[in-house]
Amino acid sequence: MPEIAPELKRILKKYPKILLELRESFDSFLIVLYFDWLDFKELSIFKSSSLFFMDTFIMVGANVLFYFFSIFLVISAAIVVFSQHPIFSLLFLVLSFLTSSFILFLLECEFLALLFVLVYVGAIAVLFLFAIMMLEFKLHNLAKTLTKYIPAGIFFGIFSFFPLFQQVSNQFRTNFHSDSFYFNKYTNWLDLIDATTDVVVYGQILYSYFVLQFLFAGLILLVVLIGVVYLTNNWNNQKVTDQAIFKQLSRTFKLNKL
Amino acid sequence: MLLKPFNTSLYSVVFLQSFTVFPEHFIAISAAYILIVASLIVYKNYSITIEKALGECLGLILAMTCYLISNDELLGLNILSLHNAIVNDYLGLFTKFTVCFFSSTYFFLTAESFKEQRLTAFEYLLVLLFAVLGLILLCSSNDLLTAYLAIELTSLASYILASFRKTSNYSIEAGIKYFITGAVSSAFFLLGSSILYAVSGSIHVVDLWDLFTDSCETGLGLTNQFSLLINNSNNLAFRSETQDVFFSSILNQCNSNLLEIGLTFVLFSLFIKLALAPFHFWSLDVYEGSPTSSTFFFAVLTKLSLFVFLTRLCYTAFFPLIDCWQFYSLWVGVFSVFVGSFGGLKQRKLKTLLAYSSTSHMGYSLLAFSSGHVLGIRMLLFYLIIYMIAGACTWFIILLLRVKRQKVIFKYTKELGDLVLLNKSNAGLALSLAVTMFSIAGLPPLIGFFAKMGIFLSLLQFKTYTIPLLVILCSVVSTFYYIRIVKVLYFENLLVGKLYHPLSTNKTIILSFLLLSLVLLFINPNFLFLLVFEVVIESFSVTDEL
C-alpha cells in the first residue's frame, strides 16, 4: 500500500471528479461497503479530500434506509406466515414485495425494482387476492397447525440458516485484500469509462451473451403453457364454438344460434 | 485447462457458434413443428388414431439427433462456445448420444402403449420431447445458469407428465408432490449458485476452475485477464508480485466456508432431483401415482445428465473443495444404498419397489462418483448405462403386463400378486423379467455383475474397507426382493393365476434385443468399457494429475 498511495493521491488531486464517480460505484455495493466501511475510513487519501464529509453523509443515509427497509421486509414476511387471516397475510405479502422493490431501488437496480412492482404486486398478488375472495375458505384450526409445525420450522431454520448467516458475516467482515493492491477491487472501472442505463444493459446482455438461455426460457414458458392448457381444459363437456365473423357482426345475432 | 475458448472471426460467429448446439436446435425446431402440425391441422380430424404414429415419429426425430451427434465435426475439438455457456467435449457428446439413443428407444417401446394407458393426447408426446431437450442441454451445459434452465425445462415437463391422467386422483397427487419438492430443490439450487456467485464472481465452470486451482502458468484464464484489467502499470515486477498475492489469497485467505455452503446447497438440490436417500420420499409416491410411461421416463432417462453436470461441477470447478463434496456424496450414497435395500423388503407394490431399487442404484452411482478419482467417474458412467439398459427392460415389461379382464374397470397400479404364475400364461415374458431381475441384482452371468463390481473396485481406492463392506452387505440384502419377484413368477403355490394380453411381434423383437444385450455385454463388455474410458481420458486429463 505505501508505494501506491502517493501515486493515487496525486491522481486524485489532479482529477477530483474521479472521487465522485468512485462514490457512485460504491453505492451499488452497499452491503459490501458496510463491512468495508471501517477500512475505508482509515484510507488516508479520502480523509484529506473535501468531499469526504459529503460522502459520509450520503452513505450513512443510504445505510439507514437500507436497514429500515430490510427490517420492514423481515417483519412483514413474518406477519405473512403468522397472520390468522389469509387476506391480512396477502396484504403483508404485497407490502413485502413493495419493500424489496425499494431495496432494489437503493441498490440501483431500477428495472428489477419496477419489474417487482409490476409482476409480483400487479399480477400475482392480485391473482391471489381473487382466488382467496372466490374460495372464501375458513381456517379454523390454523393455530393448532401453527403450534404443531413451528418448533420443527425453528429447528430447521436455526440449523440450516444460522451457519449461513455466520459465514456471510465472516466473509464480508474484513477485506482480505487489505494488504494488496486489490483493496478497492469492488470498484467497477468499466463503469467509469461508459455508463449505460439498467434496461439497456439487460437488453444488451440478454440478446447477445445469453441468447441460448433466453431461448430456453421461452421454451420453458411454452412447455408450461401446453401443460396448463391440457390440464385445465375439459374437452368433453365443452361445446366447441366456431367463429363466424359475418354472422356475429350481424345485428340479429344470437349466441345460442351458433 | 485443456478446453480452449472458441476463437471465431466476425463472419463465422453466427454459424459456428450455433452449430455447437445443433442437436438442441434440431429437437426444439421439430418440437415447434409438431406442435403446429398437430394442433392446427391433424388434431381436429385424427386425434386418437395418430397417437402411435406420432410416438414413432418422435422416436425417429431422436434417432436423427443421434445421427447428428455421432457425425459431429466438433467431436474431438474440446471447445467452449456461446460465451463459455456450452462445452463440447467428448463427455458431453457421448452422454448426449446416450440420452438421445435411450429416449429414442423409449419412444419406440412406448408408442403402442399410450393408447392402452389411455393417454390419448399429443401434448403428452410433445412434453416428453421437451423434457428430453432439457436433458440433452444439461449434458453440455458449462455454467450454473444454463444448467438451471435445463433442469427447470426437464422438471417442469416432468410435473406435467406425472399429473397427465387428469381423471385419476393418484396422478394429480403425484404431480403436486413432484411439483412442490421440485420447486424446493430449484430454490436451493438458486440460493447455492447465488452464494457461489457472491464469493467467486462467476458462474462459469471454467472460470471457477481457473480461480480455485493454482494454474497461473496455463493460458489466459479469468485470473490473468482480471489482473491485466486491473493493472494498468507497466511495471512487470510489480505485476508479478501482485499476481502472487492474488493467487495465494484465493483459497487460503478467502474463507472457503461460505463457498462450501453454496456448493452444498447446489449438491443437495441435485440430490433431491436424483431421489437420493434422505431426500427420496417424493419418489415413492410420484413413481406409484403417475402413469407407467411417465414413471419409465423419470426412473430411466433423467438420471444420467444430472450426474454429468455433477461431474462437471465437482471434478473441474470445485475439485479443490474435494473434502466438502466427497464427504456429503459418500454418506448420502451409503445412506441411500441402505434405505433402498431395506425399504423395499416389505413393499408389495411393484412401482414403489422399483422406486426403492432406483434409490439404491443412485446410491451406488453416487458412491462411485464420490471416489474423487478418474476410475470412479468411468465406473459411474458404465454403471449408469447398464442401469439404463436394465431399467428400459424392466419398465418395458411392466408396460407389457396388461391383465385381461371381463370388466371395463381399468386398474393402473400393479402389485406383486399380479405376477403370479406368469410362467404358465406367458413363459417368455416371465423369463425375460427373471433375467432382468437377476441382472439388476448383480448375479454373474449378466452385465449387472460387472457394473456393481466396478463400483466396489472404485470404492476400494479409498483404502478404507468399512464402506465397501457395508455397501456389499446392503447389496446382498437387496437381492432378496429382486429374487422374490422371480419366486412369485415361478414358484408360487397357487393354482389360479391371471391371464395377460399376448405380445405383438415388434415388441417381442425389441424386448429380446434388450435382453440379449444384457447377456452379450457380459461376454464382451469391452465395447462399453472402451467408450467410457475414452470419455474420461479426454476431459479429465488435467485433474488426473492432481
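Student: In which helix of chain B is the place of Phe449(B)?
Tutor: This is a predicted model, so what follows describes a prediction. Leaving aside neighbours within four places in sequence, Phe449(B) is in contact with Gly442(B), Leu443(B), Pro444(B) and Phe522(B). Phe449(B) itself belongs to residues 447-459, which form helix α21 of chain B.

Student: Is Phe449(B) buried or partly exposed?
Tutor: A residue needs 20 or more other C-beta atoms within 10 Å to count as buried, and 12 or fewer to count as exposed. Phe449(B) has 18 such atoms, so its class is partly exposed.

Student: What separates the C-alpha atoms of Phe449(B) and Ile523(B)?
Tutor: Along the chain, Phe449(B) and Ile523(B) are 74 residues apart.

Student: Which helix of chain B holds Lys273(B)?
Tutor: Lys273(B) has 23 C-beta neighbours inside 10 Å and therefore counts as buried. Beyond four places in sequence, its contacts are Ile151(B), Ser155(B), Ser185(B) and Leu306(B). The helix that holds Lys273(B) spans residues 256-274 and is α12.

Student: What is the separation of the C-alpha atoms of Lys273(B) and Leu520(B)?
Tutor: The two residues lie 247 residues apart along the chain. Their C-alpha atoms are separated by 32 Å.

Student: How do α8(B) and α12(B) run, roughly parallel or roughly antiparallel?
Tutor: Helix α8 of chain B covers residues 169-200, and its axis is 8 Å from that of α12(B). The packing angle is about 155°. Angles over 145 degrees count as roughly antiparallel. The pair α8(B) and α12(B) is therefore roughly antiparallel.

Student: How many nonpolar residues are in the contact of α8(B) with α12(B)?
Tutor: On the α8(B) side the contact includes Phe188(B), Phe189(B), Leu191(B) and Ile195(B), and on the α12(B) side it includes Phe265(B), Val266(B), Phe268(B) and Lys273(B). The helices pass in a left-handed crossing. By class, the contact of α8(B) with α12(B) has seven polar residues, one charged residue and, for the class asked about, 14 nonpolar.

Student: At what angle do the axes of α4(B) and α6(B) cross?
Tutor: Helix α4(B) is residues 90-110 and helix α6(B) is residues 122-140. Their axes come within 8 Å and cross at roughly 165°. That makes α4(B) and α6(B) roughly antiparallel. The crossing of α4(B) past α6(B) is right-handed, and the angle asked for is roughly 165°.

Student: How many charged residues does the contact of α4(B) with α6(B) have?
Tutor: From α4(B) come Gly92(B), Thr95(B), Lys96(B), Val99(B), Cys100(B) and Ser103(B). From α6(B) come Val132(B), Leu135(B), Ile136(B), Cys139(B) and Ser140(B). The contact of α4(B) with α6(B) has six nonpolar residues, four polar and, of the charged class, one.

Student: How many residues of helix α14 of chain B are buried?
Tutor: Helix α14(B) runs over residues 292-301 and is mostly covered. Its buried residues include Phe296(B), Phe297(B) and Phe298(B), along with Thr292(B) and Leu301(B). The count for α14(B) is 10 of 10.

Student: What share of chain B is made up of buried residues?
Tutor: Chain B has 25 helices and three strands. Among its contacts between residues at least 6 apart in sequence, 81% join residues at least 24 apart. Of the 546 residues in chain B, the buried share is 52%.

Student: Is Asn84(B) buried or exposed?
Tutor: Asn84(B) lies in the loop between β2 (79-81) and β3 (86-88) of chain B. Its phi is near 65°, a positive value in a residue other than glycine. With 21 other C-beta atoms within 10 Å, Asn84(B) is therefore buried.

Student: What is the phi of Leu421(B)?
Tutor: Leu421(B) is in the loop between α18 (374-400) and α19 (422-425) of chain B. It has 19 C-beta neighbours inside 10 Å, so it counts as partly exposed. Although Leu421(B) is not a glycine, its phi is positive, at about 60°.

Methods:
Residues numbered from 1 in each chain as written. Chains lettered and ligands numbered in written order. Predicted model: local features only at pLDDT ≥ 70, side-chain atom pairs only at ≥ 80, totals over all residues. Axes fitted to C-alpha atoms, helices over the stretch in contact; angles between N-to-C directions. Helix = DSSP H or I, 4+ residues; strand = E, 2+ residues; numbered from the N terminus. Parallel < 35°, antiparallel > 145°, perpendicular 65-115°, else oblique. Left-handed = near helix turned anticlockwise from the far one by under 90°. Contact = placed C-beta atoms within 7 Å. Nonpolar A, V, L, I, M, F, W, Y, C, P; charged D, E, K, R; others polar.
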